[in-house]
Structures are given as structure tokens and as C-alpha cells.
Amino acid sequence: MERSDNLSTLGRRADARRRTLRAFTYLGLSLWAVLVLFPFYWMVLTSFKSYAAYNGEHIPVLYTLAPTLENYRQAFTAVPLGRYLLNTLLFALVTTALMVAVSTLAAYAFARLSFRGKDLVFGLFLSMMMIPSELVVITNFVTITDLDLRNSFPGLILPSITSVFYIYLLKENFEQVPDELYRAAKVDGTSDLKYLWKVLIPICRPTLVTITILKIIECWNSYVWPRLITDDQAYFLVSNGIQEIRENGFGRENVPAMMAAVVVISVPLILLFLAFRKKIMEGVSRGGMKG
Amino acid sequence: MEIRVAHLTKHFYDRSRRQTTTAVSDLTLTVPDGTLMGLLGPSGCGKSTTLNMICGLEKPSEGRIFFGSEDVTDLPPEVRGVGMVFQNYALYPHLTVRQNILFPLENLKGAHRPSREEMGRRAQEAAALVEIETLMDRRPRELSGGQQQRVAIARALVKRPRVLLLDEPLSNLDARLRLQTREEICRIQRETGITTLFVTHDQEEAMSISHRIAVMKEGLLMQEGAPQQVYDDPANLFVAKFLGTPPINVLSGEVRKETLLLDGQAVLAVPGAAEGPVWAGIRPEGFLPRPDGPLRCALSRVEVMGRDVSMVCTHPACENGSLRAIVPSRREAEASGGAFALRPDKVFLFDREDETRRPFRTEQA
Amino acid sequence: MEQNNRKAWLYLLPALVLLGGFLVYPLIDVLIYSFEEGFNFASQTYFGVGLYNYQYVLRDPYFLQALKNTFLLVLITVPVSTGLALLISLGLSSIRPLRQLYQTIYFLPYVTNTLAVGLVFMVLFQKTEYTDGLINLMLSWFGGGPVDFIDGPYWAKLFVLCFYTVWVVLPFKILVLTSALASVNQDYYKAARVDGTSRLRTFTRITLPMISPMIVYLVITGFIGAFKAYSDAVALFGTDLNAAGMNTIVGYVYDMLYGASGGYPSYASAAAILLFLIVLTITCVNLLVSRRQVQG
């Protein structure tokens, strides 16, 4: 009996240790959560402070008692933020739509049609995933300049359309659809295009939605290519816009107005993320990569 | 080492709705020292939860667990002295068979920790017991399902536990291996004499190797005893239906004046049975084909499968449409034309409401 | 079959044209550029073929500065972010209540605009004539002197860059590691508990080997990603990274190509190919090391 008493205290001590560990876990996790959230809080907070109040704070204040929307007015009037947003939206939607169309067709050819040289072409496709964008950007810059497409939407969009990885992802997904469906459709005299449109796309919609959202995020945040290819403010995307605002912004160092612009740029993506949280996280963990 | 659980209860809380489900309810059960007991029931009956509580992986909500006279309810699993074999074996895929078997020993600390040579010797001994000495340097994925199972048993036994627990030990094996592994578990248990409790949903498996079986349903213990005894004397309709292949035939009947009536016809004298509507359960081997028998069924067909000849018949009182009788020969079956006499020791009566057994005297037995 | 052939190529055509024009052709072209000496962008002429562009880039102090910055960034952020991500994922997978909330919060940096949030970091770390900034205020609580993280000493700037990079890459790593941890069968942990395995031993002997392929994957992609760092630096220090002394290799490539110091696609190409060779070498070394470790 004594042994079991000893062991019971052992069990209780283990319990206590587990509780302490759990407390520390929550503490650590909360700490990182604060570190992640704080910049967001700070940008929203600053965007509501008036210019005078912000610059009057020698010691930063963690709250504001006189919130103002003046900065947002400034952000939309002093700089063409609305135009940047519109440009980005247009760029993101057109690029994504073209990407989905091109990728779907290519993935269908790889997944469903048999043709000579398929394995070779697909092998080449896969090896293209290795090509770093930094290498090809130089020639693309020259190509687009030569085509006289700088400061134009085609110049922005064309090199951004294709993504080998998404074609690969779609092909894998298409291949999971049983062959019987294709044969049944063929027996009924369905054309390939109709089969793709009426059967394959509805079945694979989840994957299509995922890559659409991921591409939109990618477009919204793209910076390098737009920066190279545009120097006319009328074609700036939000990333370039924000850099422009930072460098030549409001005529003076106006941090609250800058923060208002940052909020306006960040909010659409955060809303998109919250709406499609599961899909986005699933898609990213399947192999999405930033940069 | 005897395992005894008393009034064991486990509630699970549903976080969002504050609802509780009771997985195990007031379970009292003893596994005598040195026996092999099968804990049997359909999926979701609480058998695995019971096993996990005995193992120490889950804390009971109420009740106590004893190993011998020692109360182990509050002990963490590693000091209880249990060996556990998981349903999917849980062999570490990146370790060799030898490393897998050594793993539990390497966890021991201080005075309990054997020397390196002692560990090796004990691993070898455990491997010899399950006959896998030649596979020691392979990795789990290079082994067949049956071999993996043996490694898992060796790993469970190497610490010389006081009790051995197995969770659905045969469910991941194909039919042929299952039969073989069944024998193997039996032999290992006999050789080590270790008190063993295993969980299964397969009644044939439980009946064939256990010294004792316990049948559970929805968290409640239905019946416990030696396999043949439970089969011959089921406590309620559930146990009667759960044990036996082909399953027992259930007919709705009535007892009037110590006689069982099926569809209004008297078929069997049931001295001492209470009056009223009943479920009558008749084992397939309880039918005796007699052209002049009192139970008249419509014969649908005769099936001959190997050594068994079974007659498939219909009867108006029969619950699921057809009933199945196992008879000695095809000739007898065809001669009877679907009429039977019944063996009283193979007929059980159950209450219509609570489905408990309604006893009657079987004098000629 | 013959008809199928034509149809298949038709389906592939858009993708092939775009990939050929903007991925394959440029890849070949960039090699050619890098060997063409004295290329003139306006007249599209060059004097000769040779290694001069590489020699020039390797002697350019701006490139050497960028090389140093990039290497330091890689060597600091890859281990730190991978280790931190592992720690956080372990914490996440050990709790149940609030887990989803934490996961959602941790993922936020992934979906935000690097340039935009970089600006917030700049404001937080910056020291101006009006204010020392929030970070410096916090430093002063612990007795630290005000440091200008954005326009001050090199180590301070490097620190901000590393901090921001870790902040940006962590969501992806946490996500990957959390799902890797979740895919480990719980029975292994139960078996370990029955055997009385200590927490540390469970981690080193079971968890770590089980998720090691994912860790290798993260380290390799982390190296590749960190070598290509650019927009984080722009966000913090502005577009003129050479002046700030905080340029990266990729930044050097773009600066050579375009902007105030631009117009030299040959030098840009040479630098880009050097970067590619570095990344290739490091990736191969990584793969070899990890393979040896898995075997041993």
C-alpha cells in the first residue's frame, strides 16, 4: 500500500508539472500572438490619430481619445490611392482569370488527353518549377521594353500569368476524377471541352477556388515586376503606391496618413483571408510559397 | 496479477454544448490472475475506453481499478506495469525492430534501469518468445502485418508487465493470418501466464481464444463468463444475438399455459415460463428436421457449404423474414419439407419489453 | 490518336507560348547577356564575349556589401525562424482551447502586403527628431539607449531586417509544421506514454524523426527564400538600398537593371547567375547533409 501511496504523489506531481507547462505554453503562444497583432494594432491606431497629435507625442501613446478620419480623406485625395487600388484590383482579377483559364486547359491536356511527347513535355514543365524568377526578370524587362509595353496593363499582366505549380496542382486533381466518368461522357458523345466545362470543373471546384484565391493574394502583393515595368503613377499597383507614398508621399512626413493608406491596402486581403481561412491555409500548406 | 475494476464510469464532455456522453457506465469486472479475457462488443460500446482506463491513458470519471490488491486508479501508465499492443501496432517506423523492443527499457531510470547487456538479453528473450529473432535489424515497413503484430507484442512484454492489454489485435490482419495469430496469442499467453485482456468486436475471435469473455453494449456490461457458458446461457437478447455464427433466429411468440406459441401454433413445452408475449431465440443448431414436427416453415432453399447443410425457411413469426437452420444432412432436410422439432436447450425466451431472459426448465437436458 | 494529338497541343498552346516567352527564352537569354561585354542598351550592341561582367560584379563594393548582407540574413533567419516555428507548433499542437484562434492570428502576416506592413515596422523602430519611437521607448524601460534602427548603426539595421523577415516567413513554417505534427499518429504518443517515455525523449526520439522530412523541406525552402530577400529590405529602408548599405543580392540585380543606377542588364545578369549558383550549391549541400543524417 505504501508503494502505491508514493506513486500517487508521483502522479499528482506529474499533474502539477503538466499544468505549469500548459500555463507556460499559453503564455508563450499569447506573447507571439501579441507580437503578430501589434503592428496591425499600431497601424490602425496611428491612422486615427490626427497629424498634430501624432507629431506632438514625444513618447508614443498606445491609445487615442480623439479619433479622426482626416487621414483617410488625405490618403485618398493627396495621393491617388483610389487609382492604385483600382489598378491592383484590375491587375489581380485579369491575371487570375487568365491564369485559371490557361492552367485549366494545360492541366486537362496533361491529365486526360494522350498525345505524342506528353511525358517529355511534362518533364520539361516540372523542371521549369526550378527556374528562379530573379533570373528571367531581366530579359522579360528587356522584352517588354522592346515591345513598348512599359506602363501598360498587358505589360504588367502577360509575364505574370503562367504558374507551373498551379498547372501541376490542377493536373493532379483532374487525375483523381475516375476514368469511368470520362468514358461515360464519351459514350454519350460529349466533346472534350464540354466534359471539361460540365464535369471536371464542377468536380474540381475546391482546388480551382483555392488557386484562384492564392493567385489573387500573390497579385495583390506583387511588387518587383510592377516596379520595374511602371514609372507612371497612373499604372502603379498598391505596393508601388505605398513605396511612392513613403518616399515622396504627402509633401511632408505624414505618418498617420501613411498608416491610413496601409490600412486601406491591407484590409481587403485580411477580409479575403478571414472569409476563406480554411481554403487558404490548406492550399498554402500543400506547397504554396511566398517569394 | 488479477485485474479488478469496480463501478468504473467514464463520461465524455462535449465542450460546446455541455452535453455528456457516457462511454462506460458502472462497470464491475474481474479478470482472474493468469487468464485471457476477451472484452467483446459492437463498435462504440465502450470496450476500448475501458481498456484505455485500465492502461492509464484515460482517467475514469468514477470507480476504481485494482491490480491485485493495489489501487492503480491514480497512477500514470508507466508505473502501473502494463504492456499495451495498439490496434495499428504503433511501431516507430524510423527505428529497427531491435530498437523498437529496446525502447521501453531505455525509458527506465535509476535503479530500475537494467545494464546495456541485460537490456539486450531481455530484448532477445522477448523476440524469441514471439519468434522474430531473425528480423531484429529490419524496419517495421519491411515486415508483414503478422510480423509487425509480433514485434508489438514483444515490445509490450519486454518490460515484464503485470498485465497485457491488446486493442483489436487481429483486426488489421487478413483472414488466414488472423487464424494463425490467434493461436500465437494463445500460446504466448500460456507460456508467460500473464493476465491478458483484449478488446475485439469479432465474437468468433473472442470465443475461440478467451478463457472468459465479457460482452458490453452501450457502456454497460451485459454478461461475463466462460465462452461456452455465455453462448449456452445468454442473459439477454443482445448477448444471444451477438454470439454465434450463423446468428440466432429471433421470432415473436407467446407463452400460454407453459407452452411456446409461434404464430398461434404450439411448438415447444416451456415448463415454468411466465405467461405473455416473448421473443423466442432459436439457435440454428436447435432445429431438428422432422416431417411431423410442430414448427412448420416454408422451405425456401437448402444451402450446402462444406460440412454445413443449412435450410433457409420463412415463417410468419420470424422477425427478419427468413430463418436459418443447420441440419445434419441434405437428405433429412429435404425429407422434412420445412417442419421442425426444437431442442429445448437451444431455445431461449426473452421479455418483449426489456429483452431479459425468461427462464424455463429444460427437464430432459 | 492523330486528332487527339492536335487537340492536346491546342490546349497546351497558351501555356507553352507564355512559358516559352517569359520563362525559357529569358533563361537562355540571361546567360548570353552575362557573357556579352560592354553591352549598350540603347544601340543593342556589344564589343566581345567573356567573363568581364562577372569580374566587374565581383569587384563591385555594392555587390560585396549585398553579398555580406544576404549571407548574414540567411544565416540568422533560417535557424531562428525554423526553431521558433517548431517551438510554436509544438505549443499549438499541445493545446486544444483557443488553438484555432492562435492559428488564425499566426497566419495573418502571410496575407498582408510586405511593403505596407514593413512601413509599420519602420515607424515602430524609427527614431526621428520628434520621437524616439515605440521600440526605443520600450528599450529605455530596460535602460537601453535610443538606437536608430532604420538609419543608424549596421547591426541595428540588420536586426530589424532579420526581425521583420522572421515575422514574415513564420506563418508558412508554422502552418507546415503544425500539419506535420498533426499527421503523426496519436498511437505513437500513447505507446510512448505507456512505456513512461519522458517528454524530452518523446520529442527527440519520436516527434523529431517523424517530422524530419518536413523540417528538411522547410530549411531548404527557407534558404532559397532568404537568399532572394528583397522587398522586406525595401519596405524598411526605402528603394535606395545601396545608400542605406542594406542591399541584398536580388536588390543589386534590380538596381543594376533599372532605376537611378540602372541600365546595365549585363551586370544584372551576371549577378543573377551568381545568385543562382550560390542557391544551387547551398541546396545541394543541404540535400546531401540531410540525406546522410537520415541514413545515419
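Visitor: Among contacts in chain C between residues at least 6 apart in sequence, what percentage join residues at least 24 apart?

Guide: It's 67%. Keep in mind that this is a predicted model. A pair counts as a contact here when the two C-beta atoms, placed from the backbone, lie within 7 Å.

Visitor: What else describes chain C, say its helices, strands and span along the principal axes?

Guide: Chain C has 13 helices and two strands. Its C-alpha trace spans about 75 × 75 × 40 Å along the principal axes. Of the 296 residues in chain C, 45% are buried.

Visitor: Why is helix 12 of chain C called mostly covered?

Guide: A residue is buried if 20 or more other C-beta atoms lie within 10 Å of its own. In helix 12 (residues 249-257) of chain C, nine of nine residues are buried, and that makes the helix mostly covered. Among them are C:Ile249, C:Tyr252 and C:Leu257, along with C:Asp255.

Visitor: What makes a set of residues a nonpolar core, and which residues have the most contacts inside the largest one?

Guide: The members have to be buried, belong to a set such as Ala, Val or Leu, and be joined through C-beta atoms within 7 Å. The largest core here has 158 residues, and those with the most contacts inside it are A:Ala106, A:Ala261, A:Val262, C:Leu119, C:Leu236, C:Val253 and C:Ala271. Helix 7 (residues 154-182) of chain C gives the most to this core, 15 residues. Take C:Leu119: leaving out residues up to four places away in sequence, C:Leu119 touches A:Ile242, A:Arg246, A:Met258, A:Val262 and C:Ala235. Another core, of 106 residues, lies apart from the largest one and includes B:Leu36, B:Ala280, B:Val309 and B:Met311.

Visitor: How many residues does each chain bring to the contact between chain A and chain C?

Guide: Chain A brings 70 residues and chain C brings 72. On the chain A side, several helices supply at least two residues each, including helix 4 (81-112), helix 11 (205-221) and helix 14 (255-275). Helix 1 of chain A has the largest share, with eleven residues. By residue kind, the side of chain A that touches chain C splits into 47 nonpolar, 15 polar and eight charged.

Visitor: Over to chain B. Which domains does the assignment give, and what separates their centres?

Guide: The domain assignment gives domain 1 (3-236) and domain 2 (246-351) of chain B. Taken over C-alpha atoms, the centres of domain 1 and domain 2 of chain B are 40 Å apart.

Visitor: Why is strand 14 of chain B described as largely enclosed?

Guide: Five of the seven residues in strand 14 (residues 276-282) of chain B are buried, so the rest of the structure largely encloses this strand. Strand 14 of chain B pairs antiparallel with strand 11 (residues 249-256) of chain B over seven bridges, and B:Ser252 stands opposite B:Trp279. Strand 14 of chain B is also joined to strand 21 (residues 347-351) of chain B, antiparallel, by five bridges, with B:Leu349 as the bridge partner of B:Ala280.

Visitor: What makes strand 15 and strand 16 of chain B edge strands?

Guide: They belong to an open, antiparallel sheet of three strands in chain B, in the order 15-20-16. Strand 15 (287-289) and strand 16 (295-296) of chain B each have a single partner strand, so one side of each has no neighbour in the sheet. Strand 15 of chain B pairs with strand 20 (residues 339-342) of chain B over three bridges, and B:Leu288 sits opposite B:Ala341.

Visitor: How do you know that the peptide bond from B:Thr245 to B:Pro246 is cis?

Guide: Look at omega, which is near -10° for that bond. B:Pro246 is in the loop between helix 9 (237-242) and strand 11 of chain B. Most peptide bonds are trans.

Visitor: Why are B:Asp26 and B:Glu355 called partly exposed?

Guide: Buried needs 20 or more other C-beta atoms within 10 Å, exposed needs 12 or fewer, and partly exposed is in between. B:Asp26 has 14, so B:Asp26 is partly exposed. B:Asp26, in strand 2 (residues 19-31) of chain B, has a positive phi of about 50° without being a glycine. B:Glu355, in the segment after strand 21 of chain B, has a positive phi near 65° and is not a glycine either.

How values were computed: Residues are numbered from 1 along each chain as its sequence is written. Chains are lettered from A and ligands numbered from 1 in the order in which they are written. This is a predicted model: local features need pLDDT of at least 70, side-chain atom pairs count only at pLDDT 80 or more; totals for chains, interfaces and linings use all residues. Domain bounds come from an automatic or database domain assignment. Helices (H or I, at least four residues) and strands (E, at least two) are DSSP runs, numbered from the N terminus. Ala, Val, Leu, Ile, Met, Phe, Trp, Tyr, Cys and Pro count as nonpolar, Asp, Glu, Lys and Arg as charged, and the others, Gly among them, as polar. Two strands pair if DSSP finds at least two bridges between them.
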